[in-house]
Amino acid sequence: MLKSNSMFIKRWWPAATIIIVFAFAPQLFETFWGRMGMYKLVLLQVFLANVVLAQSYRLMTTTGDWTLCHYILMGMGAYTTAILAKFYGVPFYLTIPVAAICTVAVSFLIALPLSRTIGFAFFIGSFALGEFVRYIWEKLHFPFGGSRGLSNIPRPELGQSGDWYFVDFSSRMDISNLYYGTLILAVFALVLLYRLDTSRFGNAWKSIYSDSELCESIGINVTRYRILIFCVAGFFASLAGSLLAYQWGAIDPDNFGMIEMVYLIIWVVVGGVKTYWGPLIGVASMSLVFELTRPFDEFRPLIFGVILISSLVFMPGGLEVLIPRTTRFFKNLVGTKEVS
Amino acid sequence: MSFLSVKKLSKHFGGLIANNEIDLEVEKGEIRGIIGPNGAGKTTFFNVISGFYQPTSGSVTFKGQNISGKHSSEISKLGVVRTFQRAALFPDFTVLENVVIARHLRANNSLVSAIFGNQKKAEEANVKRSAEIIEFLGLGDEIESLASNLSHGHQRQLGVAMALATEPELLMLDEPVAGMNSGEKAVMVGMVKKIRDEWGVTVLLVEHDMRTVMNLCDRITVIDFGEKLAEGTPDEIKNNDKVIEAYLGADDSVA
């Protein structure tokens, strides 16, 4: 019993530390940067949503299907949330799940024809279907707001001031409550994604990538599993979309375009997709690069292109291959007292 | 009612008739071999029964249930499981993991219970049973090795182990000794016999290697040019004129 407990702690302390650091981020930022801290907090919020998005994309790639319409699925979540909140005044605890359900439905419709294709055809097919959805957003003035999109999306609300459960999300000066909401939802999504990755379904998806014919022969319906993973990935992408819709307060079709999709692919490729931690590292490092290159705005595509190519050439497994190397290095440093 | 019964099964690829109205009856507990010269349509026949191809016409019934035209994964769930000519396995996993995966991919839990439930107990039972299967097939020494590091013979054995892991009633082996040396062949023959004798699994196999087929099978079906040529015990087949003609050519032909 004791042993399993210590194993548990050993496995989870990095994740627990990161969550605790994130939980105290508003205070830390305020101490370091004062009022500028709030701006940095917005970045952190976007980062959390991006992590959920990248992680859901990584799940999608475990079957070997690299889609080009993942941003569209996120956009589905964002648009549904925005429409419900803006036009119908639906509270956030309903918009987020309803948006997720709608996105799953759309994912299913997209996945039906795509599941009949593999490889390059899948890649291009997903691009075409995604652009089709984006075209609808762009052309339909109601309810999607055409190419100018939707603005003035109301902030989430929980109770009136005076209720014991009241949480103030509305303040523009102090966004830490909104930040905590984002953090809770992001951690929830990431834990579910981790459980999925290690579950029987996660194994099935990885085996489909490895040998789909063999999977058929031992009783896995490959087509059904590929549709399922598309819907599951869409569900989590939608959560990220809802978060971003509330954070930005305004969305338009260009937010979910091809360029964003390329950035998503860069995150995942640079981080690696073999383990759960790859996309986390990828998003973290690339967001950092993105912020550091803010002064050279127009050179960003060039910089990211160079990063993508050099990571493919010098580190094809992604940054995640460094994890076992560094842990081994530190273990050697400490000495081999620890018996694994 | 026979165990597996194939009636007038045909498979056409455009104008090419790969299988033409083939009948086959397999009894429970027998080892049945399917042989024939190259390009006779054996593998096509195999693929149609296991659901990888859709039949053009005819029917396949397994234990009274019509399985022709069903999806291959469904057929496998009903207890008809096949192996492949190539060494089909998950190369990044160990032998034990391969068999465990083959087992628990079929577990019937939902997405929600996969995320929230605790499958520790079921998982332990799975691992135990998998180790048992590996031990039974004589792969016990390799249980912790990576599948990609195994020898060809062991990889093919692992393929059979994975098929067995799904607890089939009819095991379909596609050229089980292809590319093996004589030692490995003997091991495989012993293994198949053991599977039938001790676990009562019915075996249907396609094979080129005559010695193996004659040693292993209770009855043999010969296919040539997509049609059934002969059927009988190994001795009957050895002395069947039509079979000899198909393999060696007729008397008057120039060798």
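**Figure 1. Confidence along chain A of this predicted model.** Within chain A, helix α1 (residues 2-23) has the lowest confidence, with a mean pLDDT of 74, while helix α5 (residues 92-114) has the highest, at 95. Here pLDDT is the predictor's confidence in each residue, on a scale from 0 to 100. Averaged over chain A, the pLDDT is 88, and 95% of the residues score at least 70. Where pLDDT is low, the predicted coordinates should not be read in detail. Helices (H or I, at least four residues) and strands (E, at least two) are DSSP runs, numbered from the N terminus. Because this is a predicted model, local features need pLDDT of at least 70 and side-chain atom pairs count only at pLDDT 80 or more, whereas totals for chains, interfaces and linings use all residues. Residues are numbered from 1 along each chain as its sequence is written, chains are lettered from A and ligands numbered from 1 in the order in which they are written, and side-chain values use heavy atoms, with hydrogens and water left out.

Figure 2. Look for Glu320(A) in the loop between α13 (300-314) and α14 (322-334) of chain A. Is Glu320(A) matched by a salt bridge or without one, and what is the nearest side chain of opposite charge? Glu320(A) is buried and has no salt bridge; the nearest side chain of opposite charge belongs to Arg58(A), 6.2 Å away. Buried means under 20% relative accessible area, exposed means over 50%, and partly exposed lies in between (1.4 Å probe, protein chains only). A salt bridge needs a side-chain nitrogen of Lys or Arg within 4 Å of a carboxyl oxygen of Asp or Glu. For charge, Lys and Arg count as positive and Asp and Glu as negative, while His and the chain ends are not counted. A polar atom of the Glu320(A) side chain does lie 2.8 Å from the backbone nitrogen of Lys274(A). Setting aside residues up to four places away in sequence, Glu320(A) touches Gly271(A), Gly272(A), Val273(A), Lys274(A), Thr275(A), Gly278(A) and Ile281(A); contact means heavy atoms within 4.5 Å.

**Figure 3. Aromatic rings in chain A.** Over all chains, a search of the whole structure finds 25 aromatic pairs. One of them joins Phe235(A) and Phe236(A) edge-to-face, at 5.2 Å centre to centre with 85 degrees between the planes. Rings of Phe, Tyr and Trp (its six-membered ring) pair if their centres lie within 6.5 Å; planes under 30 degrees apart are stacked, over 60 edge-to-face, and the rest tilted. Phe235(A) is partly exposed, at a relative accessible area of 29%, whereas Phe236(A) is buried, at 2%. Elsewhere, ring pairs link Tyr79(A), Trp137(A), Phe144(A) and Phe256(A) into a cluster.

**Figure 4. Salt bridges between and within chains.** The whole structure holds 22 salt bridges over all chains. In one of these, the side chains of Arg86(B) and Glu213(A) meet at 2.8 Å, N to O. This pair crosses between chains, from the loop between β6 (80-82) and α3 (95-104) of chain B, where Arg86(B) sits, to helix α9 (residues 212-217) of chain A, where Glu213(A) sits. Arg86(B) is partly exposed at 37% relative accessibility, and Glu213(A) is partly exposed at 35%. In chain A, Asp297(A) forms a salt bridge with Arg300(A), with the closest N and O atoms 3.2 Å apart. Asp297(A) is partly exposed at 45%, but Arg300(A) is buried at 7%.

**Figure 5. Charged partners in chain B.** Asp197(B) and Arg196(B) form a salt bridge whose closest N and O atoms are 2.8 Å apart. Asp197(B) is exposed at 51% relative accessibility, while Arg196(B) is buried at 17%. Salt bridges that share partners also join Glu30(B), Arg32(B), Arg219(B), Lys228(B) and Glu231(B) into one network.

**Figure 6. Buried residues on helices of chain B.** Helix α1 (residues 42-49) of chain B is mostly covered, with 7 of its 8 residues buried. Among them are Lys42(B), Phe45(B) and Phe46(B). After α1(B) comes Gly51(B), with a positive phi near 90 degrees. In helix α5 (residues 120-136) of chain B you will find Ser130(B), which is buried at 0% relative accessibility. Leaving aside neighbours within four places in sequence, Ser130(B) is in contact with Leu96(B), Val99(B), Val100(B) and Arg103(B).

Definitions and conventions: Polar contact = N/O pair within 3.5 Å; in protein donor to acceptor, adjacent residues only side chain to side chain.
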